[in-house]
There are 2 protein chains.
Amino acid sequence: MNGADRLCDTLLANGVDVCFANPGTSEMHFVAALDERPQMRCVLGLFEGVVTGAADGYARMTDRPAATLLHLGPGLANGLANLHNARRARTPMVNVVGDHATYFLHHDAPLTSDIDSLARPMSDWLGRAGAAGDVQRLTEEAYAASMRLPGVSTLVLSADAAWGELAPAAAPAPVVLPPLRPVEPHRVREAAARLRSEARVALLLTGSALRAGPLATAGRIGDAMGARLLMQTSNGRVERGAGRVEIDPVPYAVDAAVAALADIDAVIVVGAKVPVAFFAYPGKPGVLLPPGCEIIELARHGADLDGALDALAEELGVSTRRPAGVARTQGADTAMPRGRLTADAVTWMTARALPDAAIVADETISAGARFFEQSRTSAPHDYLRITGGAIGIGIPLATGAAIACPDRKVISLQADGSGMYTVQGLWTQARERLDVVTIVFANRTYGILHGEMTNVGVEQFGRNATRMLNIDDPALDWVSLANGMGVEAARADTTERFADLLSTAVGGRGPFLIEARI
Amino acid sequence: MNGADRLCDTLLANGVDVCFANPGTSEMHFVAALDERPQMRCVLGLFEGVVTGAADGYARMTDRPAATLLHLGPGLANGLANLHNARRARTPMVNVVGDHATYFLHHDAPLTSDIDSLARPMSDWLGRAGAAGDVQRLTEEAYAASMRLPGVSTLVLSADAAWGELAPAAAPAPVVLPPLRPVEPHRVREAAARLRSEARVALLLTGSALRAGPLATAGRIGDAMGARLLMQTSNGRVERGAGRVEIDPVPYAVDAAVAALADIDAVIVVGAKVPVAFFAYPGKPGVLLPPGCEIIELARHGADLDGALDALAEELGVSTRRPAGVARTQGADTAMPRGRLTADAVTWMTARALPDAAIVADETISAGARFFEQSRTSAPHDYLRITGGAIGIGIPLATGAAIACPDRKVISLQADGSGMYTVQGLWTQARERLDVVTIVFANRTYGILHGEMTNVGVEQFGRNATRMLNIDDPALDWVSLANGMGVEAARADTTERFADLLSTAVGGRGPFLIEARI
């Protein structure tokens, strides 16, 4: 038994039984240890952005971490953008990054780099195992931190810690996690007092408060006290659709967000951050709440958000009857779009076609902006979004969610520009036979940046701007790309064709990709 | 005029007139400034690994930096793996990474991260412009450092430094670079003394010492003094083939390297690092030179390597006649391979088909191992290799080299596993109509890792190892992938078919991709 064996056993003892991986030479002992443990499911990504994004999608749906296996500094670096998203989603994850043997580092061999410096910005917990004897303790710490925060843990595994011999030992006992931090009674009383006052109050939620149960509690409080429900602009996972309590995000655009929040006197924060603009713009505000708006922190990230809402409902004495939630109408109120395909038609038809318990991974950036509104009354579904603004999460997120929930349909709403970042994830969908329908919004442009250029005062684009913001020359052929990675695919440029393809794809088993030429 | 305008003008004043880019919202003022300067060529990469790898290939062929434009921490992170390679190749490069406005950072908006921590491990120079007034000075420093070291400079450009107003000003004067550090006379005398002794001496070269001129000088010294010529295992660029002086790299495999260096008493280092193993292995040495081998540092990286070799030749009084170099035979000594395509047949035919002044970008990892030997007597060519072991450099490197040298044929030798890392670079080749022939060694496996698993004692792979080291299920269809990005492509599984395709591709103008099924 060596350090790598102990690492695997410790992960498995704690229920971490999926490892998204792209290994290299320095991780061969870890690969050998994984190979002896078929109860660990190893899923290969052809690029590390797929690995970390899939681990994020997996954990958003299971509420427990997957492991990742990354090769030295460059392998970690390739996965950092999606670790950034995972950190912003507060996703539990345990990254294992191989490093050179401790005694070899000083040689500064070609693949040597400062892994800790690379890992720190995107890790909530960071550790380094330099000897086999350290591995179990650090793996347990990494796991416990990922669950407790929750957040991203990164364990750097030196090659000699992996291959170092240990006395044979039985599987470790599972880590006993501390209970979630309970809400502080004075915060409940303060929030209740504000809700009972004349002030116009909003509840601002994120994290586990966006599951159906706590949302229902928040809905009861809102109904009884006349408070608004809001959620962060980007959230890891929201349970929504028919039967669930409706909740709107703080808008992305600064002016829209300021307008949406203008009439709030106090905000009760449940796990969320105080809303700020995504970017600074000359002359525009950074904080989106109106001046003088009071902020009451009911519960912080990592606390028992569900319990906090229960306690608040009890303090207020509001009805315990679960609210009815939204009715299922699936767009019956508007007419079926016809003819030439548009982004709004794609989202309208998709919202209507969502099967029960679908998982939607949304990286449409600008093109699919109307989906959220159009799917208010769709079948109940989980909605996963890009959280940290690092594009290239959509395909991996869908991949990981499909591995987590093999019996649920995953609908991957994917902009073309961001889709190209981690397009390799389609291959993993084919390899693992995942039930994912990918819908590519092929508008052949970084659409959001056109608006941003206008924001800085540029109306007429010259050659350089055109060539940096448009991706139309040559146009990407997404059917070829998908087929090249073993994923069946077809193209639609009319609503009728799209409706046919969507119906076939949703009715069958994936993976399947639809290129929606809009 | 704002800080972004001044940045562009400073770059252009110093001959930095190509910018590889993938912009985002925080760089819109930079994009606007680039748009007003059509003399700057902006080249879009659909992923930042393409951006930084192309900037590396460009600078390896021009000896001056390209700029890159990267979007915040995640955009930089996506480019880090190829920055790692560039740093190991000692490539001049000026990265411009946008960041939030200085006054906005404390909000910790979703895209905020510690960019400095991410940039430092892969940057030889790192600076941060927080005000428009700092931009010119820092850009000049970044440029000068990239040329002087040479190496990778990273300038973090705060959004308010980009949009901050400046008084209109004429274009800055070019930076006056200091002359290269001359060789120290005592080092020349010491090296000459060792060459005149009975000791068995090797000259170990890298960097600019591997251009035809200095190599010829090294060849004269070697011939006259009976010294061996060696180069680092990985080098940014080597001028080789017919008419050039032949030089062998230190082998990659530890045992082979130790054997190759066993009979050396002293090594004279010209810009190179003392050779160490790529990885540590239990029970194997890290330093590859034999015990007691003397190391004489004639000139360090960043010094005048060409001048150092000249001085050494003069001190030794060796002939000034340029050596003849190798004869051009192009594999006429061995028979044309026939039938089923193999990796060795691909490299043999490619070596034979190299046109004069071709540029070869080699990321074949294990599959194309014989190319280097087979192309000893090929037409004169430049040979660029992966330098830092971070896979995913090949397609970008070829892309950048083709932009640097539009009149030369670029042959991109590409393993399939590493090729998938930055496959998006094919699109840039199509968009820019680059004359690149990509040959994919489609063996459907991470071939090098099979050997490494054997090294750690695993002979029989189980399911997990098989699924992490093989990429055969499903097989990638490289013709579809290339077509999907607008690159013409065809597949060969016999030598005859490959020979036909290669002849057509080399005779025509690219881009063209050949999937060599081996």
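Student: Which residues of H12(B) are buried?

Tutor: They are Ala343(B), Ala345(B), Val346(B), Thr347(B), Trp348(B), Met349(B), Thr350(B), Ala351(B), Arg352(B) and Ala353(B). This is a predicted model, in which local features need pLDDT of at least 70 and side-chain atom pairs count only at pLDDT 80 or more, while totals for chains, interfaces and linings use all residues. Residues are numbered from 1 along each chain as its sequence is written, and chains are lettered from A and ligands numbered from 1 in the order in which they are written.

Student: What makes helix H12 of chain B largely enclosed by the rest of the structure?

Tutor: A residue is buried if 20 or more other C-beta atoms lie within 10 Å of its own, exposed if 12 or fewer and partly exposed in between, with C-beta atoms placed from the backbone. In H12 (residues 343-353) of chain B, 10 of the 11 residues are buried, so the helix is largely enclosed. The cover over its buried residues includes helix H13 (371-374), strand E15 (410-415), strand E16 (436-442), helix H20 (495-507) and strand E18 (512-517) of chain B. Helices (H or I, at least four residues) and strands (E, at least two) are DSSP runs, numbered from the N terminus.

Student: Why is Val250(A) called buried?

Tutor: Val250(A) has 21 other C-beta atoms within 10 Å, so it is buried. Its place is in the loop between strand E10 (248-249) and helix H10 (254-261) of chain A.

Student: What does Val250(A) touch, not counting residues up to four places away in sequence?

Tutor: Val250(A) touches Leu230(A), Gln232(A), Thr233(A), Ala257(A), Ala260(A), Leu261(A), Pro275(A) and Leu288(A), with that exclusion. Contact means that two C-beta atoms, placed from the backbone, lie within 7 Å. Between Val250(A) and Pro275(A) there are 25 residues in sequence and 7.6 Å in space, C-alpha to C-alpha.

Student: Why do E10 and strand E12 of chain A stand at the edges?

Tutor: The order in this open sheet of 5 strands is E10-E8-E7-E11-E12 (chain A), with parallel pairing. E10 and E12 (294-299) of chain A each have a single partner strand, so one side of each is left without a neighbour in the sheet.

Student: How do you know that strand E7 of chain A is joined to strand E11 of chain A?

Tutor: Two strands pair if DSSP finds at least two bridges between them. E7 (residues 201-205) and E11 (residues 266-270) of chain A run parallel and are joined by 5 bridges, so they meet that condition. Within this pair, Val201(A) stands opposite Ala266(A).

Student: What makes strand E7 of chain B mostly covered?

Tutor: 5 of the 5 residues of E7 (residues 201-205) of chain B are buried. Val201(B), Leu203(B) and Leu205(B) point one way from the strand, and Ala202(B) and Leu204(B) the other way. In a regular strand the side chains alternate between the two faces of the sheet.

Student: What is the largest nonpolar core, by number of residues?

Tutor: A nonpolar core is a set of buried Ala, Val, Leu, Ile, Met, Phe, Trp, Tyr and Cys residues joined through C-beta atoms within 7 Å. The largest one has 372 residues, and those with the most contacts inside it include Leu203(B) and Ala401(A). Leaving aside neighbours within four places in sequence, the contacts of Ala401(A) are Gly57(A), Tyr58(A), Arg60(A), Met61(A), Ile359(A), Ala361(A), Leu384(A) and Val410(A).

Student: How do you know that the copies meet through the same surface?

Tutor: The contact takes 81 residues from chain A and 81 residues from chain B. Helix H4 (residues 72-89) of chain A gives the most to the chain A side, with 8 residues. 100% of the interface residues of chain A are also interface residues in chain B, so the surface is the same.

Student: What superposes chain A on chain B?

Tutor: A rotation of 180 degrees, with 0.0 Å of shift along its axis, does this at RMSD 0.0 Å. The two copies are therefore related as by a two-fold rotation axis. The superposition is by least squares on the C-alpha atoms of residues with pLDDT of at least 70 in both.
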